[in-house]
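Visitor: Hey, can you walk me through this one? I'd like to start with a sheet and then look at the packing.

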Amino acid sequence: MFSCWLSRLCRGLSTPTGRVTHLIQGSLSRRLMLSSQRRIPELSSFVARTNTCGELRSSHLGQEVTLCGWIQYRRQNIFLVLRDFHGLVQVVIPQDESAASVKKILCEAPMESVVQVSGTVISRPPGQENPKMPTGEIEIKVKSAQLLNTCKKLPFEIKDFVKKTEALRLQYRYLDLRSFQMQYNLRLRSRMVMKMREYLCNLHGFVDIETPTLFKRTPGGAKEFVIPSREPGKFYCLPQSPQQFKQLLMVGGLDRYFQVARCYRDEGSRPDRQPEFTQIDIEMSFVDQIGIRSLIEGLLQYSWPSDKDPVVVPFPSMTFAEALASYGTDKPDTRFGMKIVDISDVFRNTKVGFLQDALSKPQGTVKAICISEGTKYLKRKDIESLRKLAADHFNQEVLPVFPKANRNWNSPVAKSIMEEQRSELIRLMEIQEDGVVLLTAGEHRKACSVLGKLRLECADLLEARGLVLRDPALFSFLWVVDFPLFLPKEENPGELESAHHPFTAPHPSDIHLLHTEPKQVRSQHYDLVLNGNEIGGGSIRIHDAELQRYILATLLKEDVKLLSHLLQALDFGAPPHGGIALGLDRLICLVTGAPSIRDVIAFPKSFRGHDLMSNAPDSLPPEELKPYHIQVSWPADSEAERAH
Ligand code: ASP
């Protein structure tokens with residue numbers, strides 16, 4: 001009753017905007033705001049049912065209801081369990097002669113057929129209640145039933161506990177979506193996005209604006225998908241993000257923009273990435289880094305699911321340099337310690353050859369991590385696999401040292417470490433009885449990167465042995481700031497590329513270095529990290545056309561003609577502005593604890609970028625390619641394949 005009254009009241013009221021809210025004073029308006037936030041959705045309006053399967057309780061006893069759902073179980077032709085998105089309910093199949101036709105429908109329909117039943121909510125006989133089922137106190141005494149559609153033999157059972165390969169799940173995604181887990185993930189996603197919209201648009205006056213997906217190439221970023229056009233030799237590109245448009249919206253005076261934006265990156269197969277993905281994309285005029293950070297902290301706090309521990313703000317922050325030095329990565333998982341320590345000074349007078357070697361070089365360092373209780377939980381073969389990983393992936397030698405334990409698993413340095421070095425190591429790294437030290441030497445960034453990787457590997461190993469390092473209920477947010485503006489290009493380290501993107505403004509204190517030592521310039525780029533995953537990134541932008549031109553043309557050696565529209569716009573009174581984008585798929589994946597981002601996307605692509613359900617991408621006959629002036633030149637091996 002209350003919910004009906006409430007929702008009718010709410011329907012008659014438009015939700016106040018942020019500005020109006022500020023203007024309306026008094027407790028009545030506050031109460032109305034609260035009740036509109038708590039509004040209970042009507043799940044059975046406009047459709048052929050009176051209730052959902054999952055909502056029925058003892059309070060509904062005696063009510064005549066009509067339900068629609070899928071047949072989940074049938075027991076001895078007496079009971080049927082009906083399922084919809086909201087839950088399960090038990091239906092009693094009538095046994096008397098007069099209801100023979102109803103019995104026939106309900107007993108003959110294959111599992112997962114979709115039916116409509118009408119009947120009365122009755123209580124289950126004493127002793128037959130099921131406390132594990134939210135509807136376990138009641139059942140439906142059916143009077144009539146209709147088979148809405150029958151279900152053929154399924155490729156897999158819908159039940160969550162039945163294991164199925166991911167390829168099969170993706171091939172029959174529409175069936176996989178019937179599972180409780182997928183329903184939960186997609187509904188939680190929808191609720192969070194709704195709260196984000198509410199926070200941004202209603203509470204803070206953001207404007208939700210759609211930007212084009214048919215666009216042109218943006219220099220200096222990810223690889224883009226190419227779309228042919230009917231003009232010979234002319235192509236669109238799918239945007240890797242709405243970056244240029246959101247900046248242009250600021251030039252256009254929109255002031256606060258937001259979009260649940262689809263982005264496209266043609267980066268080949270990468271684990272847990274998708275060629276198309278979704279960002280909560282945001283841009284604001286007249287804002288600084290602190291402003292953006294506070295906005296995002298408020299956004300996450302507001303949209304966070306109420307069944308999780310509340311988000312605590314402000315989030316801590318760390319400079320890029322500190323993240324690299326202590327965690328060996330720009331996305332540190334701060335839920336556990338095992339930090340990297342620089343132990344170069346301990347080994348200044350070492351006799352150990354490879355340490356001496358490293359320290360004699362200008363950038364040479366010796367670094368280590370300490371695995372507490374390592375000798376207790378790790379085996380010799382674990383240490384060997386960690387060393388192999390360092391050698392194979394980083395070409396780095398890593399040595400185990402057991403400063404306190406009387407062990408020497410393949411540690412040639414152990415004998416050569418002098419007593420005072422040993423005790424200095426114990427003091428510096430606070431090593432306890434069972435601690436194992438993993439030690440490496442070399443250039444700062446490289447030594448940190450390898451230990452950063454090993455730190456995470458060790459955490460996995462220790463957790464596989466039953467130690468809890470990373471509390472699964474903990475959400476540890478962190479801002480990483482003060483990134484370098486440029487990094488050496490991977491394929492050509494003599495050249496520079498943007499660490500974030502070419503529109504990022506330099507740090508005001510480093511601008512003077514742009515012309516002399518661009519590599520030393522820090523940027524106004526910030527990343528948001530959650531439990532060791534980058535879930536967002538953004539920057540304060542360059543709004544000065546001259547500076548933007550200099551960075552693009554002189555430092556990044558990009559073709560400025562491709563961006564002449566943006567450069568021109570900056571010249572027409574572009575306001576100072578900045579923004580950020582949150583990776584929605586990854587965020588929801590972490591919130592739900594799903595094993596992969598594919599589990600929070602309704603129709604994801606496979607690891608190789610294929611839609612296993614529809615078989616996209618697919619070939620087109622030559623005549624359909626003609627209007628685009630395109631001809632496929634088949635690689636030799638696929639030519640042979642086609643001939644078969
Ligand atoms: N467009 C950027 C990205 O996709 C985010 C930003 O700078 O706002 O990473």
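Guide: Two strands count as paired if DSSP finds at least two bridges between them; helices (H or I, at least four residues) and strands (E, at least two) are DSSP runs numbered from the N terminus. This is a predicted model, where local features need pLDDT of at least 70, side-chain atom pairs count only at pLDDT 80 or more, and totals for chains, interfaces and linings use all residues. Residues are numbered from 1 along each chain as its sequence is written, and side-chain values use heavy atoms, leaving out hydrogens and water.

Visitor: How many bridges between β13 and β15?

Guide: Eight, with β13 (residues 364–371) and β15 (residues 436–443) antiparallel. Cys370 sits opposite Val437 in β15.

Visitor: What's the strand order in that open sheet?

Guide: β12-β13-β15-β14, with antiparallel pairing. β12 (341–342) and β14 (398–401) are the edges: each has a single partner strand, so one side of each lacks a neighbour in the sheet.

Visitor: Which strands does α13 touch?

Guide: Helix α13 (residues 380–394) packs on the sheet against β14 and β15, contact being heavy atoms within 4.5 Å. Its direction makes about 155° with that of β14, using lines fitted to C-alpha atoms (for helices over the stretch in contact) and angles from 0 to 180 degrees between N-to-C directions.

Visitor: Switching topic: what does Ile296 touch?

Guide: Not counting residues up to four places away in sequence, Ile296 touches Ile282, Trp479, Leu528, Ile580 and Leu582.
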